[in-house]
Amino acid sequence: MLLLLFWKRRTRPKGDLSSASFWQRSIHLLSKIGHSNKLFRGPEVEYWVGPDGDKSGIWPYLPFQSLPDGSHSHEENFCYFTLLYDEENKCAPSPVSSKDEEGNVVEKPNMDNVTTLFGIACNRQVRVSEIRNMTSDISRSTVQKSVVVVARKPIFGPIKEKLAVVTRAYFMQGDFEDRQIIDNLYENLVQIFSHKLDESDLNIGMPLRELIYRLGQSVLVILKALLLEKRVLFFASNTELLCASQFSLVSLIPNLISHLEDCGSPLLSKYETTLKKPTSLRTSDRNSLLTFMGLPLQIFADGGVFSPYVPLQQLDEIKSDETRYFMIGSTNSLLLSPKQEIADVVVNMDEDNVQILNTDYKSALTLSASDKKWMDTVVKAVADSWDEEDPWRPKGLGFTGSEDYIRVQFEDYIINLLASVKYDSFLTKRAHQPHMVRSNIEGNPIKLYNMEWVEEWQKTNNYRIFNKFTDEEIFDIVEPKHMASSPTNIDVQRQLIEPKAVEEERKAQQAQQAASGGITKSVTRVFSSFWSEKSPSTANTNGSSQSPKSQSSSRISSPKPSLGTHTPGQESQDRVSLAESIKTAVTNGSNDTTATNSETESGSTKEGYFAGWSRWAASKRRQLAKSTVSVNSTASTESKTDQKE
């Protein structure tokens, strides 16, 4: 659903947006925000479109989130952020409890019906000289405004391009009073995102390759810090890079980006109430497997906050005692000051480095030798396929080094970690029962993950939830191991990510093998028949008994002795006859193979698949035809030589 905001507090509900239909859709809000030209007013909501009337005052920090610090230094910029919304009371509660001067809780917000919404803002600025319709409130040399979409899920990738085009066109028309193009955007987005979204939709537009390329092994350090529920601060002068990098990191934990309902406040922990321990498993269903393995790990629930951009006005909420851990982003260098001391880990995207400020965690966050070995493989895959002109896609558009490749690698790493920690618990409980140890598992794989980190992780809330809602012996489903000691088979990874493409490739390969096999068998029959006719005595020269298969083999592999019984003229005729027989066999064999495969695959294979292997077979026929011409030419030359002699 969408809301559009304007300073005149003008509301424009669109269509039938009752509460029931409203919350079934993905888009919640679209707003337009601009800087007031009056002194000390700052950014303000200017236009609003939504289903529940004028709600422009329920999010006091929305203008500051939409026009972040430093945005004036960019012609166009994007910013992502989170908001709280009470679905029943149509309001936005405070993320933390209100306290008096002595620190006593005065009022704790009711979070029973509260969820987290996700905003994306596109802000631009234009010179006053380029504005056709000047209004009385414009007094500065430039005008800066932002168009904002708020959705129930972080669907930033699909929305971003549309939002950028509309915002650019809105500025180019030179009349900010004409908002028809923004209304059209609202209606279009509501229509497009009325269906259910899956995880792949939410992963679009995440610069995951760039994150690995810039930070290397440190990406795993940050991820392990999040699993330990530490305070992580991202800093960058570019808000789009700042925010998208954090969502890229979130996307590395399977299914987490689809379940961030509790990330907007440290008081939210509703997701756990919906969980049940799985009693069944469909191994062919990825979502069923992930659920069985206890994923997603809830690293922001009950005390945690995820806010990819935090204006200075929100710092008090971040510093609240109720906010025990977080991942937040800022473009203000004041937060990097040692005096702030708000973070345990600082990720500076401008300098591409990660600092562990809290020395108590340095040892736990040190990567193990196996961690480093595995990350070297991932980083190398990205670096080797890096294309400066197109950093989003690997060179050659291959799988290795792609974003899907990276996510599969981290998914397997996390699943193996979960299986390993369960196996470690199994060994601890059955230390007095050595016969219970799995013979197919070598040692205790959890030791490869840095035991100090593992022990700290087992104290966290996300581990408690995982351990509570998973089977004690999930290691019987997924082998406990480390990626460095047993790298994941790439074919299996691609089967999970691109099952249709892999299936089509498999069928194409089978068709090629069938075509090749048919031609080979036809040629083999020709050779066998030809040489048996020319030299029957070679079938069993020593009088011993041979099977038909061995007879055929001997005739094909050793045809030369039979040539000794022929005259030169007969030999050249034999070659011509053999070439013609091969050409006929290949043509007939190819046609037979085509017919056979057409009958077998009819109705289940795409037209492009037939065209692919047909082109291959045609190429083979052309090559054999050329060979025939060569044989004919050789035979003719030898015949003339024989006549001269």
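This is a predicted model: local features need pLDDT of at least 70, side-chain atom pairs count only at pLDDT 80 or more; totals for chains, interfaces and linings use all residues.
Setting aside neighbours within four places in sequence, I find tryptophan 457 in contact with Leu227, Leu228, Leu297, Leu417, Leu418, Val421, Asn462 and Tyr463.

Next I looked up the nonpolar cores. The largest has 118 residues, and Leu260, Leu297, Phe410 and Trp457 touch the most other members. Helix 12 gives the most to this core, with twelve residues. Both domain 1 (2–9 + 40–98 + 106–197) and domain 2 (203–476) give residues to the core, so it lies between them. I also noted another core apart from it, of eleven residues, including Ile318 and Phe326.

On to the rings. My search of the whole structure gave 21 aromatic pairs. Phenylalanine 300 and phenylalanine 306 have ring centres 5.2 Å apart and planes at 15°, so I logged the pair as stacked. Both of these phenylalanines are buried. Tyrosine 423 and phenylalanine 475 have ring centres 5.1 Å apart, but their planes are at 70°, so this pair is edge-to-face. Tyrosine 423 is in helix 12 and phenylalanine 475 in the loop between helix 14 (461–468) and helix 15 (490–497), so the pair ties together parts 52 residues apart in sequence. I also noted one aromatic cluster, formed by Tyr80, Phe156, Phe247, Phe300 and Phe306.

Then I checked charges over rings. I see lysine 160 over the face of phenylalanine 78, at 5.1 Å from the ring centre. Arginine 179 lies over the face of tyrosine 47, at 5.0 Å from the ring centre.

Last stop, helix 6 (residues 208–215): its buried residues are Leu208, Arg209, Leu211, Ile212 and Leu215. Down the helix axis they fall within an arc of 160°, so they line one face of helix 6.

Notes
Residues are numbered from 1 along each chain as its sequence is written. Side-chain values use heavy atoms; hydrogens and water are left out. Buried means under 20% relative accessible area, exposed over 50%, partly exposed in between (1.4 Å probe, protein chains only). Helices (H or I, at least four residues) and strands (E, at least two) are DSSP runs, numbered from the N terminus. The arc is that of the directions from the helix axis to the C-beta atoms. A nonpolar core is a set of buried Ala, Val, Leu, Ile, Met, Phe, Trp, Tyr and Cys residues joined through side-chain atoms within 4.5 Å. Domain bounds come from an automatic or database domain assignment. Contact means heavy atoms within 4.5 Å. Rings of Phe, Tyr and Trp (its six-membered ring) pair if their centres lie within 6.5 Å; planes under 30 degrees apart count as stacked, over 60 as edge-to-face and the rest as tilted. A charge sits over a ring if NZ of Lys or CZ of Arg is within 6 Å of the ring centre and within 35 degrees of the ring normal.
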